[in-house]
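Please report on the model shown below.

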Amino acid sequence: MSGQHWVIVASLAVCYISCHRPSTTNFVQVEDVQLSRPHVRVDEVFFPDSTTVYLSKPPAGCLTYFTNDGQPPNLHSSVAGDSILVGATSLLRFRNIGGGYQASEEVDIELFRLHSQIHTIETAATPKAPYDQSASVLLIDQQKGSANFRDGRWLGYQMTSLLFELTFDGSLTKGITLSVMEDQNSWIFAPDSLAVQFYDETDTLLTQAHMTYDAARVKNESAFRFLSLEVDSIRPVRARLFINNLAAIPEWHPGSGHTPWLFIDEIILR
Amino acid sequence: MVQDRSGRILLLTNHTQNNVLIYSKDGRLLDSWGNTFPGAHGLTIKDEGGEEFLYITDTELGLIVKTTLDGQEVLRILNPQRSQADGNIRPFSPTETAVAENGDIYVADGYGSQYIYVYDQQGRLKNEFGGPGPAAHQFFNAHGIAIDERDSTPKLLITAREKNQLKYFDFAGNYLSTIDLPGAYICRPVLHRTEVYLATIWSGNKASRSGFISILDQHNQLVSAPGGLEPRYHNGQLERVSQAIMLFQHPHDVCIDEDDNLYIPQWNAGQVYPIKLYRV
C-alpha cells in the first residue's frame with residue numbers, strides 16, 4: 001500500500017445544522033495543496049574553509065530549487081542534489097516546486113566563512129545570569145549556538161541598550177554581522193536597531209552604518225537572525241557596536257510591557 | 001474520533017458548547033451533546049454485551065468518564081492520588097484509554113505522570129506501570145494506547161510521542177518491545193484489520209504544521225504516509241520521516257470506517273473540519 005492509493009479530499013463541506021440542506025463533498029485538487037518546505041541541514045553555519053548543506057529528497061515529481069545570489073528560487077534556478085558544498089559566505093535560498101502542487105514556502109540558510117580571529121572584544125555589555133558566560137570569549141569563538149538557548153553558547157541580555165567595543169588587527173573589513181536568536185514564544189526578541197562606528201589608529205571616525213529590524217512584528221517560529229552592518233572596505237583599529245533592544249515586549253504578546261530578552265552567540269567581522 | 005456500530009462518526013472536541021459532535025459518513029451533522037469537558041482529549045468506543053459505550057478523558061479536569069452514546073454518564077474515574085518521591089501527589093492528566101475484553105480499563109496519563117493505570121470495570125485501581133524516564137519501559141508523553149489483537153497474543157500498544165516510539169506491554173504491565181519511528185510524533189495507535197494507523201501531529205524537527213498520517217503493516221513496518229514523504233528503510237532501520245505536502249497541519253487522530261476510508265480530525269489547525277481520505 002502506498003500513499004498514492006489514497007485520494008486526497010478537501011475538508012468536508014460539513015456541518016450545516018439543518019438536515020434539509022444536501023451535503024456536498026469537494027475533492028481537493030493537487031493544485032490546491034502546497035508542498036512542504038525543503039528539509040535542510042548544515043554541518044556548520046560558521047566555517048573556516050567549507051561547509052556542507054544536506055537536503056532531504058523532495059516528494060516524487062518535485063525538485064528542490066535554490067539560489068545563492070539573493071534572488072528567490074524559481075523554476076529557472078539551479079536544482080539542488082543531496083548536498084551542496086559551500087566555500088564562501090553565502091545566502092542560500094531553497095524552495096520545493098513541481099508535481100502540480102503549489103510551490104513550498106522558502107527556506108533560507110545563511111552561512112559564514114570566518115577568517116581566523118582578527119578582532120577582540122575589549123568591553124561588552126553585561127549579560128544576565130544564567131546566560132552570562134564571557135562575552136570576550138563566546139562572541140568570537142566561531143561556534144554557532146543551537147536552537148536551544150540554554151546550550152551554553154548564547155549570551156542573554158535583558159536591557160534596552162548594549163554597547164560593545166572591539167579592536168582589530170588592521171585587516172580589511174566590510175562590516176559586522178550580529179548573530180542572534182529570535183524566539184518570541186520564549187520572550188526572546190531580535191534587536192530593534194544596530195549601529196556601528198569604525199575608527200582608525202588616531203581615533204578618527206572612518207565610517208559608520210546603521211540598520212533597523214522589525215523586531216516587534218509577530219513571528220511564530222524560532223529562528224536564527226543575522227543582522228549585518230555593511231560598509232565599504234576599510235582597515236579599522238577600533239569599533240563601537242550599539243545594539244538597541246525593543247523598549248518593551250509588544251502589546252500582542254503575553255509578556256507585554258516587560259523588557260524582552262536578547263540572545264547573541266557571535267559578532268562576526270565581514 | 002470513532003465510528004459506532006450504526007456507522008455514525010463521533011468527534012470529541014474540547015468546546016463546551018458541544019463536546020461530542022456526531023456526523024454521518026458524508027459529513028452531515030446529526031447530533032451533538034456535552035458541555036462539561038473543557039479539556040476533552042481521548043475518545044474510545046467499546047461494545048460491552050451488545051451496548052456501545054464511550055470512554056472520554058479530560059486532561060484539564062483530570063478524569064475519565066464512561067458514557068452511553070448519547071452522553072449519559074455511567075462511570076467516573078478521578079485522580080488515583082498516587083504519591084511521588086517528594087511526597088507530593090502525582091499529576092493526573094489522562095490522554096487516552098483502552099478497554100480489554102475482561103472489562104479492565106487502561107488509562108494513559110500522557111500529560112500527567114506518564115504512568116499507565118489499570119482499573120476494573122467498577123473504576124477500582126488494580127495496577128500501574130511505566131512512569132517518566134528514558135528506560136525502555138518508561139515514557140515521555142504516553143499520549144495514546146490501544147489493544148493489538150492482530151496475532152494470537154493480544155497486548156497493549158502505547159505511544160511514547162516525544163521519543164517517536166510505540167511500545168508493547170503485556171496486560172500485566174511487563175515491557176515487551178519498541179517500534180522506532182524516527183521523526184514521527186505520533187498521537188495514538190488505531191488498529192484496523194492488519195494495519196496500525198497513527199495521526200502524526202508533527203514530524204522532522206517538530207516544526208509547526210508538519211503533520212501527516214503514518215500507516216504500519218502487519219509487521220509494524222511504515223508502508224504508507226499520506227501527506228508525508230515515502231517511507232524508506234536502510235539496513236532495516238527507518239529513515240527519519242517528514243512531511244511532503246501541507247495537507248495536514250496537526251492531525252490528532254485517525255478514524256477508519258468499514259470501507260477503509262480515513263477521517264482525520266486536527267488540533268490547532270484554524271478550526272478546519274476533519275479531512276476525509278477516500279480509499280481507492
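Is B:Gln271 buried or exposed? B:Gln271 is exposed, because its relative accessibility is 75%. Buried means under 20% relative accessible area, exposed over 50%, and partly exposed in between (1.4 Å probe, protein chains only).

## Basis of the model

This is a predicted model: local features need pLDDT of at least 70, side-chain atom pairs count only at pLDDT 80 or more, and totals for chains, interfaces and linings use all residues. Residues are numbered from 1 along each chain as its sequence is written, chains are lettered from A and ligands numbered from 1 in the order in which they are written, and side-chain values use heavy atoms, with hydrogens and water left out.

## Chain A: fold and confidence

Chain A has one helix and 18 strands. Helices (H or I, at least four residues) and strands (E, at least two) are DSSP runs, numbered from the N terminus. Of its 270 residues, 44% count as buried. Contact means heavy atoms within 4.5 Å. Among the chain A contacts with a separation of 6 or more, 69% are between residues 24 or more positions apart.

The average pLDDT of chain A is 88, and 90% of the residues score at least 70. pLDDT is the predictor's confidence in each residue, from 0 to 100. Over residues 10-22 of chain A the pLDDT is below 50. That stretch still has 24 contacts in the model beyond near neighbours in sequence. Where pLDDT is low, the predicted coordinates should not be read in detail.

A:Arg93 is in strand β8 (residues 90-98) of chain A. A:Arg93 counts as buried because its relative accessibility is 17%. The side chains of A:Arg93 and A:Glu106 are joined by a polar contact of 2.4 Å. A polar contact is a pair of N or O atoms within 3.5 Å; within protein, one must be able to donate a hydrogen and the other to accept it, and residues adjacent in sequence count only if both atoms are side-chain atoms. Leaving out residues up to four places away in sequence, A:Arg93 touches residues including A:Tyr65, A:Phe66, A:Thr67, A:Val107 and A:Asp108. A:Ser78 lies 15 residues from A:Arg93 along the chain, with 11 Å between the C-alpha atoms.

The peptide bond from A:Ala129 to A:Pro130 is cis, with omega near 5°. A:Pro130 sits in the loop between β10 (119-123) and α1 (135-138) of chain A.

## A contact between the chains

B:Ser242 is in the loop between β22 (237-238) and β23 (255-256) of chain B. B:Ser242 is buried, because its relative accessibility is 7%. Its side chain makes a polar contact of 3.3 Å with the side chain of A:His39. Not counting residues up to four places away in sequence, B:Ser242 also touches B:Ser203, B:Gly204, B:Phe212, B:Gly228 and B:Leu229.

## The second largest pocket

The second largest pocket has a volume of about 1100 Å³. On a 1 Å grid over the protein atoms alone, a pocket is an open set of points where a 1.4 Å probe fits, with protein on both sides within 12 Å along at least five of seven lines; lining residues have an atom within 4 Å of a point. Grid points are joined across faces, edges and corners, and a volume is the space filled by probe spheres set on the points. The lining has 39 residues, and B:Leu11, B:Leu12, B:Thr13, B:Asn14 and B:Gln266 lie nearest the centre. β5(B) gives the largest share, four residues. The lining divides into 19 nonpolar, 16 polar and four charged residues. Here Ala, Val, Leu, Ile, Met, Phe, Trp, Tyr, Cys and Pro count as nonpolar, Asp, Glu, Lys and Arg as charged, and the others, Gly among them, as polar.

B:Thr13 is in the loop between β2 and β3 of chain B. B:Thr13 is buried, because its relative accessibility is 16%. Polar atoms of its side chain lie 3.1 Å from the backbone nitrogen of B:His15 and 2.9 Å from the backbone oxygen of B:Asn18.

## Positive phi in chain B

B:Asn164 is not a glycine, yet has a positive phi of about 55°. B:Asn164 lies in the loop between β14 (155-160) and β15 (165-169) of chain B, and is buried at a relative accessible area of 6%. B:Gln271, also not a glycine, has a positive phi of about 60°. B:Gln271 is in the loop between β24 (262-264) and β25 (275-279) of chain B.
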